[in-house]
2 protein chains.
Amino acid sequence: MKSDISGFPEFLPEEQIVFSEVMENIRKKFEFYGFVPMDTPAVERISTLLAKGNDSEIYGLYRLADEKNTSKDLGLRFDLTVPLARYVAAHFGQLIFPYKRYHIAPVWRGERPQYGRYRQFYQCDIDIIGNGELSLAHDAEIILLLTDALQSLGICNFHTRINNRKILSGFLKTFAEKETVTEIIRLIDKIGKISYEEFDKAVLQQKVSDNDLHKIRSFLEIEKRGRNLEVLKWMKTLNFNEEFSLGLLELEETLQLLKKMEIEDSKVKISMKLARGLTYYTGNVFETVLDDFDDLGSIAGGGRYDNLVSAMSDKCFPGVGATIGISRLVPKLLENGLLKANKSAVAELLVTVQCREYIGSYLKIADKLRNMKIKTEVYLHDKNLGTQLGYANKKGIKFVIIANEMELLEGKVVVRNLETRKQETISISTFSEKIPEFMEL
Amino acid sequence: MKSDISGFPEFLPEEQIVFSEVMENIRKKFEFYGFVPMDTPAVERISTLLAKGNDSEIYGLYRLADEKNTSKDLGLRFDLTVPLARYVAAHFGQLIFPYKRYHIAPVWRGERPQYGRYRQFYQCDIDIIGNGELSLAHDAEIILLLTDALQSLGICNFHTRINNRKILSGFLKTFAEKETVTEIIRLIDKIGKISYEEFDKAVLQQKVSDNDLHKIRSFLEIEKRGRNLEVLKWMKTLNFNEEFSLGLLELEETLQLLKKMEIEDSKVKISMKLARGLTYYTGNVFETVLDDFDDLGSIAGGGRYDNLVSAMSDKCFPGVGATIGISRLVPKLLENGLLKANKSAVAELLVTVQCREYIGSYLKIADKLRNMKIKTEVYLHDKNLGTQLGYANKKGIKFVIIANEMELLEGKVVVRNLETRKQETISISTFSEKIPEFMEL
């Protein structure tokens with residue numbers, strides 16, 4: 001993982017091959033659940049980006065050729081959910097609901113460079129948007145797919161923390177004003193990045209009394225009461241208000257659904273400390289963390305947002321979604337050997353060229369192999385065989401085809417396995433049978 | 001094809017499904033030739049973007065939170081070749097040469113909005129970078145792969161125009177200064193967008209005499225002399241200078257190689273009117289146009305750039321590459337029925353839910369089907385069966401599974417083909433055999 005400009009990392013080929021494979025696996029998994037691809041421009045109106053509040057960690061755009069006169073109304077998206085909401089508000093008449101889409105693409109955050117955080121990173125988003133209504137079964141399906149997608153990457157030791165914004169907000173409203181509630185939720189989200197000392201100080205600055213701060217701090221520790229069932233049972237005794245009770249009901253139903261979906265109980269844990277930073281969430285929120293890498297933070301997360309599209313349209317399109325943050329996840333898995341980057345090639349076979357006048361013949365051989373679904377490279381530089389074999393070795397291409405003029409004229413080639421050194425002379429006319437046999441495909 | 005902000009188009013789901021499939025087909029084709037994936041950040045230093053000259057149709061970035069104080073040194077890439085050159089200059093010690101990579105990603109042009117051109121569009125790039133040297137066989141391979149990729153999309157009626165910058169430049173240098181040469185090449189590239197009248201006027205403004213303008217105009221019509229062989233033969237009689245002759249040699253060798261690669265003669269045509277806009281090309285340049293859609297302009301193009309990396313490093317890394325402009329190509333193919341967008345779903349099968357208490361069972365059925373590589377959606381809203389079947393119909397999902405409580409308890413489901421109305425009761429335990437049979441997979 002290299003970075004030319006701080007916050008804008010890029011991979012070397014052997015890592016990029018792995019990263020692309022991960023992205024492709026996730027994409028396939030999303031499609032197996034029937035989610036359709038979506039792609040929106042990286043650029044949105046700044047007014048859209050700011051519609052539901054944001055820290056203004058946004059990059060605005062200006063035209064280099066016309067720096068002074070351009071109206072600066074465009075910026076780069078900071079997530080894929082706000083563009084989705086804008087898309088649904090714009091095209092709802094042509095969409096079929098529930099609209100289930102995935103979107104795998106980069107997003108940008110206009111962070112200060114020295115902050116040490118990514119300023120561009122990939123998100124793999126799945127979202128379901130309903131027309132007027134959206135059953136909680138969709139929340140559960142999103143968590144199910146998230147779990148399935150991570151497991152398909154070979155990741156097993158993880159759990160998902162879950163909460164409900166209505167619970168947090170209902171509780172906080174027992175003593176705080178609406179604006180204060182939003183601010184405290186934002187501060188809860190920062191716990192971990194900021195210390196409890198800093199948290200306390202910041203909460204007290206919101207005109208919250210010492211006594212109420214104490215309430216907040218003990219409420220945040222609710223998860224210590226035991227497993228989900230015990231926590232739910234205890235929370236049900238707290239009849240704060242309607243909002244709180246509704247959130248509790250939603251959370252309970254979601255957990256029951258997850259159970260029916262055979263998500264292990266240990267995989268989903270209620271946590272009041274989970275708030276999620278973005279202000280558009282209205283119900284369930286969740287975040288997935290790797291058990292073995294606490295320091296990594298969440299690798300996936302999402303939640304329910306019932307009013308995000310309404311902010312841009314007069315209709316009601318409740319939504320729920322999640323994102324997998326592969327730009328953070330993949331380097332960590334590589335670093336710890338959970339994913340292996342040991343090849344600089346995607347090619348499985350290299351056709352070496354010994355006799356340049358016959359280049360057409362070598363290319364025809366490659367063409368034949370490609371039609372047999374074998375990824376095949378041809379060595380086109382004018383170099384001796386040793387250099388060509390060295391190239392295959394360095395790149396991690398396991399098989400090579402070698403043929404001199406005589407062999408070509410006889411319609412034969414030598415296939416060699418560079419690892420075992422085993423080799424065999426094969427007639428080109430018997431390729432379709434003999435080559436897969438030799439390569440053990 | 002919709003656009004919320006002019007120049008930033010986006011697709012509706014049924015079109016996006018096709019667009020994503022095209023992108024995936026091209027990607028696979030690139031990998032079958034052994035090209036490895038590459039991905040660089042969308043953001044580069046402006047100094048990098050301007051290193052080899054550009055019309056400044058570039059978007060610069062500023063932080064919204066800090067508009068005044070940010071040093072505005074970052075911008076969005078306008079192509080994928082300049083980032084490649086920067087990448088090679090930065091990481092050459094860790095790359096294996098020849099470095100063959102593909103990169104499929106959007107690029108941005110800071111055009112005036114009213115210009116009616118895309119301000120964001122996708123490029124599918126393939127490039128080969130050599131260390132110190134790069135045989136012309138790579139130029140030919142790039143054209144071969146370009147041809148193969150387009151054909152794999154079902155596009156057959158197209159041809160590639162080819163030229164060599166050394167020929168153009170050698171010819172122009174017989175009467176013009178170096179800067180004038182660059183400017184005239186830029187103007188040649190604009191022919192079609194500007195009229196010959198405008199071209200003449202602009203050339204004369206470059207202190208070119210009437211007589212020399214006449215030479216240029218007649219040189220541009222060289223292709224009228226017949227087929228490639230005749231054109232080459234005639235050009236060989238023009239011994240302008242060394243540069244010209246070298247370009248001619250390169251062009252001739254490339255055409256010979258293409259012949260050996262069995263690219264039909266009619267598919268590649270020499271044209272002196274082909275210049276390519278970007279200044280970094282140094283040898284062969286080429287562009288592919290659809291025979292039946294003249295107005296579309298080029299859908300793919302590229303060329304040889306021997307000094308692009310050197311502009312950012314003290315080493316010599318000659319390169320050759322091409323790009324397929326799918327953002328223009330796909331809408332045109334859709335519009336003309338050459339690609340069909342008739343489904344809003346990627347799912348092949350919908351599991352309907354009649355009995356919500358058994359949601360776990362329906363999800364297990366879906367899980368089973370997904371493991372059999374069938375893309376399966378589950379209808380999770382609480383709606384009657386008619387609505388659920390209507391949803392499948394509207395989205396173009398051909399198969400549905402229907403099961404009531406009784407059937408679930410007996411371990412059976414009904415599978416129905418919504419097109420033929422054929423249906424069958426199948427035992428869940430015999431899925432792996434019976435379902436593919438029913439779906440004719």
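Chain A contains 15 helices and 18 strands. The model is a predicted one.

**Chain A overall**

- The C-alpha trace of chain A spans about 90 × 60 × 45 Å along its principal axes.
- Chain A has 441 residues, and 59% of them are buried.
- Of the contacts in chain A between residues at least 6 apart in sequence, 67% join residues at least 24 apart.

**Strand 13 of chain B: cover**

- Strand 13 of chain B runs over residues 319–324 and is mostly covered, with 6 of its 6 residues buried.
- B:Gly319, B:Gly321 and B:Thr323 point one way from strand 13 of chain B, and all three are buried.
- B:Val320, B:Ala322 and B:Ile324 point the other way, and these residues are buried as well.

**Strand 13 of chain B: partners**

- Strand 8 of chain B, residues 120–129, pairs with strand 13 of chain B in the antiparallel sense over 6 bridges.
- In this pairing, B:Ile129 stands opposite B:Gly319 of strand 13 of chain B.
- Strand 12 of chain B, residues 298–305, also pairs with strand 13 of chain B in the antiparallel sense, over 6 bridges.
- Here B:Ala300 has B:Ile324 of strand 13 of chain B as its bridge partner.

Notes: Residues numbered from 1 in each chain as written. Chains lettered and ligands numbered in written order. Predicted model: local features only at pLDDT ≥ 70, side-chain atom pairs only at ≥ 80, totals over all residues. Heavy atoms only, no water. Buried < 20%, exposed > 50% of the residue type's maximum accessible area, 1.4 Å probe, protein only. Helix = DSSP H or I, 4+ residues; strand = E, 2+ residues; numbered from the N terminus. Pairing = 2+ DSSP bridges. Contact = heavy atoms within 4.5 Å.
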